[in-house]
Structures are given as C-alpha cells and as structure tokens.
Amino acid sequence: MDQLMAIRGFVRVVEAGSFTRAADSLDMPNATLSKQVQELEAHLGVRLLQRTTRRVTVTPEGRDYYEKTTRILRDLEDIDTSFNVARSKPRGHLRVDVGGSTARDVLVPALPGFTARYPDIRIDLGVSDRSADLISDNIDCVIRGGALDSSSLVARHIGDAALLTCAAPAYLKQFGTPAYPEELKNGHRLVSYLSPQNGRAFPFRFARGAEKLEIKVEHRVGVNESNAHLAAAVAGLGIVQTFGYAARAALESGALVEILRAWRPPAYPFHVVYPQNRHVSQRLRVFIDWLMETLPARIAAEPEVSVGHTRKRRS
C-alpha cells in the first residue's frame with residue numbers, strides 16, 4: 001500500500017461525500033480508490049467510512065483521522081512549495097466558479113492578462129449563478145457577491161459593485177419614469193432576479209441618505225440567471241436592479257436608462273472564497289493575488305453616458 005496516496009484518496013472521499021465524485025476528481029477508477037481506502041482501514045485496524053448503496057458517512061474514528069491527516073498533507077505541500085517556489089513557475093490546474101454576468105463582464109475580459117503572466121496554469125471556469133459546493137465539487141475558489149453564509153470558508157473582499165435601477169427607453173415611454181421608489185407599486189412591471197437556490201425574488205432595495213426602502217411587488221417576469229435578467233430589461237419587459245458593470249454596455253448604447261439614481265442602494269460587496277481547511281497552492285495564491293490587483297476597478301466600473309455631444313462618466 002502507498003500510504004500517502006491512500007490518505008489523499010480517503011481525504012477526497014470525505015470532502016466529496018462519495019467514492020465516485022472523489023475518484024473523478026483524482027482521475028482514477030472508482031475500484032482503485034475503494035481498494036486504497038480498504039487497505040488503509042486494514043492497516044489502521046479501524047473503519048474510517050460507513051458505506052451503503054446510497055451514501056458514504058464518516059465514522060468518529062474517520063473524522064479524527066481526517067482532521068489529523070489533512071494537517072499533515074498541508075504541511076507536506078507547504079514544504080514542497082517552499083523548495084519549488086524559488087525555482088519554478090506556478091503551474092497546474094485551477095477550478096474557478098463564477099456568476100454569469102461577473103464572468104462575462106469582469107473576469108473573462110481581464111483573464112488574458114493572467115494567462116499571459118502564468119502560461120503554465122490551466123483554468124476551468126464553472127459559470128453559473130447557482131452556488132457551488134467547493135468541497136464536494138473540488139473547486140479551488142469562487143467569486144461571488146453578497147452576504148457570506150459559511151464559516152468553513154475563507155473570504156477576501158475584492159471590490160464593490162454599484163447596484164442600478166434600469167429600464168429600456170421603450171418601456172419608460174409606455175409606462176412613464178418613476179420619480180420615487182414607491183411609484184413602482186403603481187402599475188409598473190418589474191423583472192425580478194430570482195435566487196437560483198430557492199427561487200425567491202430579491203426585493204428592490206433603495207437608499208437616500210439615512211432613508212432605506214425595500215419594495216416588494218409581484219413581478220411580471222422573474223429570471224434566475226444574471227445575463228438573461230439583464231436581457232429581459234433590454235427587451236422592454238420591465239424595470240430591473242442590476243450591477244453597474246453588467247449594465248454598462250447597454251447604458252452606454254442607450255438600450256437601457258438608469259432611473260431613480262438618487263435612490264441607489266449601497267454598493268454590493270464581492271469576494272473570492274475558498275475552503276478553510278484546504279491547502280492554498282502556489283497557483284491559487286497567485287490567482288487570488290491577481291484578482292485583488294485586477295478586479296476591484298472592473299467590479300466598480302461605472303457606465304459612461306452621453307450628455308449632448310460630451311461623453312461623461314457617472315460617479
């Protein structure tokens with residue numbers, strides 16, 4: 001038995017929650033991984049995992065062994081990195097998860113700068129507004145906006161996005177331009193962003209000085225993907241709240257108009273998030289450093305709008 005390989009396999013099974021997903025992430029046959037863990041259990045003389053046809057659960061002994069061995073694996077990787085970092089370039093495979101509009105308007109346009117700087121790092125982007133499970137899906141990091149809901153994750157703040165209320169000119173011509181948030185309750189059509197996790201509509205939020213409002217109106221159209229959500233507004237289906245970087249092109253072209261500007265809510269925070277108990281590899285470390293260097297200005301980007309013949313940046 002290769003004990004180190006068996007330990008790595010066991011750790012991945014615990015994190016992935018199944019032999020199949022762990023074997024896929026390690027690029028090995030399921031039967032090989034199962035045999036490694038069985039040999040490890042025989043070597044230790046304890047059962048680490050309880051297996052049924054439907055699920056894998058960790059025994060108390062397995063949980064204790066997992067906690068101890070993950071610390072050892074992190075120490076080994078730190079030792080390897082300390083010897084390799086001075087004489088080698090970051091290399092390997094990164095799995096990054098990011099929301100739809102953030103991928104399209106922020107990350108992907110900037111990514112050529114990263115790939116030019118680190119040509120030996122291969123990146124797989126998972127693009128979806130649905131939250132991913134970093135542990136079980138073997139994802140290195142995610143880029144997400146909003147409140148963080150897991151103490152098992154490490155988050156680094158990478159910027160704040162303006163949240164704008166917008167509509168198409170044709171919609172405003174037909175239904176009028178509201179001057180106050182409460183007017184949205186009077187016959188206006190809202191295109192709500194639906195939570196990809198539970199399908200609930202996010203309320204429209206507004207703030208002016210110390211005054212804060214939430215408008216909850218039954219929406220005419222609901223969308224659970226950020227790019228399609230913006231497209232619904234451009235198509236004239238109703239009023240949306242969306243990020244400044246996502247709406248920038250449509251606002252600059254005149255396809256959308258910002259309304260209720262005096263009632264903009266506070267800026268929306270974005271973070272890069274990664275598992276707390278996983279070793280931060282050299283390739284992930286340089287990627288996070290690059291995000292911190294490159295993305296704040298892109299996330300905070302404001303549209304430019306035409307005023308007469310002068311191009312003017314909104315601030």
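This is a predicted model: local features need pLDDT of at least 70, side-chain atom pairs count only at pLDDT 80 or more; totals for chains, interfaces and linings use all residues.

Me: How is the packing of H5 and H7 described?

Reply: Two packed helices are characterised by the angle between their axes together with the distance separating those axes. Here, helix H5 (residues 100-117) packs against helix H7 (residues 226-234) at about 85°, and the axes are 6 Å apart. H5 is therefore roughly perpendicular to H7, since angles of 65 to 115 degrees are classed in that way.

Me: Which residues of H5 and H7 meet?

Reply: From H5 come Gly100, Ser101 and Arg104, and from H7 come Ser226, Asn227 and Leu230. By class, the residues of this contact comprise four polar, one charged and one nonpolar.

Me: Which strands are joined to S14, and by how many bridges?

Reply: Strand S5 (residues 141-145) runs antiparallel to S14 and is joined to it by four bridges. Within that pairing, Arg144 has His271 as its bridge partner. Strand S6 (residues 153-161) is also antiparallel to S14, with eight bridges; Ala161 has Tyr268 as its partner there.

Me: What does the hairpin of S9 and S10 look like?

Reply: Strand S9 (residues 204-208) and strand S10 (residues 211-215) are antiparallel and share five bridges. Arg208 is opposite Glu211 of S10. Two residues lie between the strands of this hairpin, and Gly209 adopts a positive phi near 65°.

Me: Which residues of the largest nonpolar core touch the most other members?

Reply: In soluble globular proteins, nonpolar side chains tend to be buried together. The largest nonpolar core in this model has 31 residues, of which Phe114, Ile143, Phe287, Trp290, Leu291 and Leu295 touch the most other members. At least two residues of this core come from each of several elements, including H5, S5, S6, S14 and helix H9 (282-299). H9 contributes the most, with eight residues.

Me: What does Trp290 touch, leaving aside residues up to four places away in sequence?

Reply: On that basis Trp290 touches Leu107, Ala110, Leu111, Gly113, Phe114, Arg117 and Leu295.

Conventions: Residues are numbered from 1 along each chain as its sequence is written. Side-chain values use heavy atoms; hydrogens and water are left out. Axes are lines fitted to C-alpha atoms, for helices over the stretch in contact, and angles run from 0 to 180 degrees between N-to-C directions. Angles under 35 degrees count as roughly parallel, over 145 as roughly antiparallel, 65 to 115 as roughly perpendicular and the rest as oblique. Contact means heavy atoms within 4.5 Å. Ala, Val, Leu, Ile, Met, Phe, Trp, Tyr, Cys and Pro count as nonpolar, Asp, Glu, Lys and Arg as charged, and the others, Gly among them, as polar. Two strands pair if DSSP finds at least two bridges between them. A nonpolar core is a set of buried Ala, Val, Leu, Ile, Met, Phe, Trp, Tyr and Cys residues joined through side-chain atoms within 4.5 Å. Buried means under 20% relative accessible area, exposed over 50%, partly exposed in between (1.4 Å probe, protein chains only).
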